[in-house]
Amino acid sequence: MMMHQSPFVQVSDLGRDFDLSAPLLSRLLEGAPKRSLTAASGVSFSIERGETFALVGESGSGKSTIGKMLVGLLEPTSGGVTIDGKDLFGTLDKASRMALRRRIQMIFQNPYASLNPRWRVGDIIAEPITAFGLAEGKGVQARVSQLLEQVGLNAKDAKKYPHEFSGGQRQRIAIARALASEPEFIVCDEPTSALDVSVQSQVLNLMRDLQRELGLAYLFISHDLSVVRYMADKIGVLYLGELVEVADRETLFAKPRHPYTQMLIDAAPRIDAFGRTAERAKGEIPDPIDRPSGCSYHPRCPVVEDICRRTAPEAQLFADGRALVSCHRAKE
Amino acid sequence: MNRDVLLEVVNLCVEIPTRDAVLRPVDTVSFELRRGEILGVVGESGAGKSMCGSAIMGLIDPPGQIASGKILLSGERIDNLPESAWRRIRGKRIGMVFQDPLTSLNPLMRVGDQLVETIRTHLPLSASEARRRAVESLEEVGIPAAASRIDDYPHQFSGGMRQRVVIALALAAEPELIIADEPTTALDVSVQAQIMALLKDLCHRRRTAVMLITHDMGVIAEATDRVAVLYAGRVVEIGKTEDVLADPAHPYTRGLMASTPAADGSDGRLNQIPGAMPNLVSIPAGCAFNPRCDQVEARCQNERPELRSWKGRSLACWRYSESEEVS
């Protein structure tokens, strides 16, 4: 394995704003101000080869926006992403950009929407192979068969259409397609949220096996903490587009330091907590257009103080550098 | 017969005739629900959970129909009522909460008007009394500043607040039974915790019975008193939640529990049940779970196991039919 100075995937100070202003003419006529929504800001983390970094947070926390930026589907407003030292949004020539993109793939939440219903499974999986020129003629078919078997399907399934498969099998097809370009980094956006629990476990196990076999780096986006706990090496907790806590799995679950992380862990239903009523979490995630002052979590925070309303907290290191927490009240 | 029993479902079968075959999404299901009790109905997609709920509410879409069996509400049969009689039961005696609060509210009607309409349909109140009652019910489900928010439209509420409005609507006519079909599946965990706490609290204070349909074992563990596990339209295990979840007996219940990522974060490989829920057109003979079961015997493939009592619960599995000693 080659040694790298910098991490395999480095996300630095990534931010994305969306312009929600009315059209220019209406703005001029009505004197309405420009409005923008900050979906992500100041997000930094890194992922090594063979490692899983999970992003957790509730809806509207900016998980998917960050995921899309990491595969180059969305341009950031600020900050950047490097993969293996190469700038994803930099001034690469066309061939090197193509070469970099081959190394990144994505798996989406809904396998009913992410597979073209009019294409045969074989053609769906073959597309990346031919697009990147990874095989020719008979070699393409052989590779498709190999990929189908790798994800636990049958080589004969290449002739079928997506509707002939169940949800779990479709997600296997989506994984086979993602693997077709021989990627090193895969962004998985809620890959099992649409699946039943017994099928979810099949897909999660498969993803872990493939990671071990191929040394893949995963960005795993999920709202489900128990799934994240099973899959991730490191976890970033997102709230209103900002990382409030980043820690390795053991540190995070042993001692969540941000009140939002504590609330998420406490609110998740547990299969062994008979008759428990979770500590009532206050409120809901606010509208990102209308962010609270200071720390954005302060209106819901049980340990809020004056300073939280006035100043946004800086990220501080805890637990010998294993946890990075943005909270005025966080303690060792 | 226990006077506390509110709902009794006896050998309920729902059938959908198609050109090729008659499908049975609910197959000989029996259970009872007492006042003030929360019964969880759990299973994966296609298990027949929602169809069971729809049958009890008389909301099965034709050509689907209740083919046999009985549904009794306070001892009175409700499975064979004409549509006109249903209007006095649905909303009045049985309240409903569905998964998506956005589709169960009328987007063009103010929240207050929807509540007042429901209240006045079922209770003999004047418009102003009904409106006062509507404000009270919004307050009861924890909507802040209910008196001023009552004239808002559904889109002006957040997801969690909208689901509270739906619960207020379901409770408006003080029903005896609430059927909640995946009430928190579309919500974030923090909001889910709030809504479940609210449902539990209302149920215990008013002695309303709740049939809680969900796929989430965690929700079942925390909210329900008893649980029925459904597979391919059949009840495979039913009993006290703590008994069933702490010591699941049916191989399907055991598989479900083991494939749920553990709360203690143990790193072991997740258990996986091979295959998937069968399609309604091809339900296996014998025990419907037999092709996926790791303890299948010859008998399982030919004879269908009946529900039998075992250690204080009921089970449909041949492995538990001989004696209580089988582990």
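Start at Ile175(A). Ile175(A) is found in helix α6 of chain A. Helices here are DSSP runs of H or I with at least four residues, strands are runs of E with at least two, and both are numbered from the N terminus. Ile175(A) counts as buried because 26 C-beta neighbours sit inside 10 Å. The cut-offs: buried means 20 or more other C-beta atoms within 10 Å of a residue's own, exposed means 12 or fewer, partly exposed is in between, and C-beta atoms are placed from the backbone.

Leaving out residues up to four places away in sequence, Ile175(A) touches Ile107(A), Val151(A) and Leu206(A). Contact means that two C-beta atoms, placed from the backbone, lie within 7 Å. Ile175(A) and Cys188(A) are 13 residues apart along the chain, and their C-alpha atoms are separated by 9.5 Å.

A word on the model. It is predicted: local features need pLDDT of at least 70, side-chain atom pairs count only at pLDDT 80 or more, and totals for chains, interfaces and linings use all residues. Residues are numbered from 1 along each chain as its sequence is written, while chains are lettered from A and ligands numbered from 1 in the order in which they are written.

Now the contact between the chains. How many residues does each chain put into it? Chain A gives 35 residues and chain B gives 37 residues. On the chain A side, the elements with two or more residues touching chain B are α7 (197-214), α8 (225-231) and α10 (259-267). α7(A) gives the most to that side, with seven residues. By class, the chain A side has 16 nonpolar, 11 polar and eight charged residues. For the classes, Ala, Val, Leu, Ile, Met, Phe, Trp, Tyr, Cys and Pro are nonpolar, Asp, Glu, Lys and Arg are charged, and the others, Gly among them, are polar.

Stay with α7(A). This helix has 18 residues and reaches 25 Å from its first C-alpha to its last, close to the 26 Å expected at 1.5 Å a residue. The expected span is 1.5 Å times one less than the number of residues. Buried residues in α7(A) include Val197(A), Ser198(A), Gln202(A) and Met207(A). What covers the buried residues of α7(A)? The cover includes α6 (167-180) and α8 of chain A, together with α11 (251-259) of chain B. Just after α7(A), Gly215(A) takes a positive phi of about 65 degrees.

Next, α7(A) against α11(B). They pack at an angle of about 50 degrees, with their axes 8 Å apart. Axes are lines fitted to C-alpha atoms, for helices over the stretch in contact, and angles run from 0 to 180 degrees between N-to-C directions. α7(A) and α11(B) are therefore oblique to each other. Under 35 degrees is roughly parallel, over 145 roughly antiparallel, 65 to 115 roughly perpendicular, and the rest oblique. The crossing of α7(A) and α11(B) is left-handed. Left-handed means the near helix is turned anticlockwise from the far one by less than a right angle; clockwise is right-handed. Val197(A), Ser198(A) and Ser201(A) of α7(A) make the contact with Gly255(B), Leu256(B) and Ser259(B) of α11(B). That contact has two nonpolar, four polar and no charged residues.

The crossing is left-handed. Met263(A), Leu264(A) and Ala267(A) of α10(A) meet Val189(B), Ser190(B), Gln192(B) and Ala193(B) of α8(B). Here the count is five nonpolar, two polar and no charged residues.

Inside chain B, helix α4 (residues 111-122) packs with helix α7 (residues 159-171) at an angle of about 20 degrees, axes 9 Å apart. α4(B) and α7(B) are therefore roughly parallel to each other. Their crossing is right-handed.

Last, the backbone of chain B. Most residues other than glycine have a negative phi, and most peptide bonds are trans. The peptide bond from Pro62(B) to Pro63(B) is cis, with omega near 10 degrees. Pro63(B) is in the loop between α1 (49-56) and β4 (65-73) of chain B. Thr28(B), not a glycine, has a positive phi of about 55 degrees. Thr28(B) is in strand β2 (residues 22-34) of chain B. Phi of Glu182(B) is positive too, near 50 degrees. Glu182(B) lies in the loop between β7 (177-181) and α8 of chain B.
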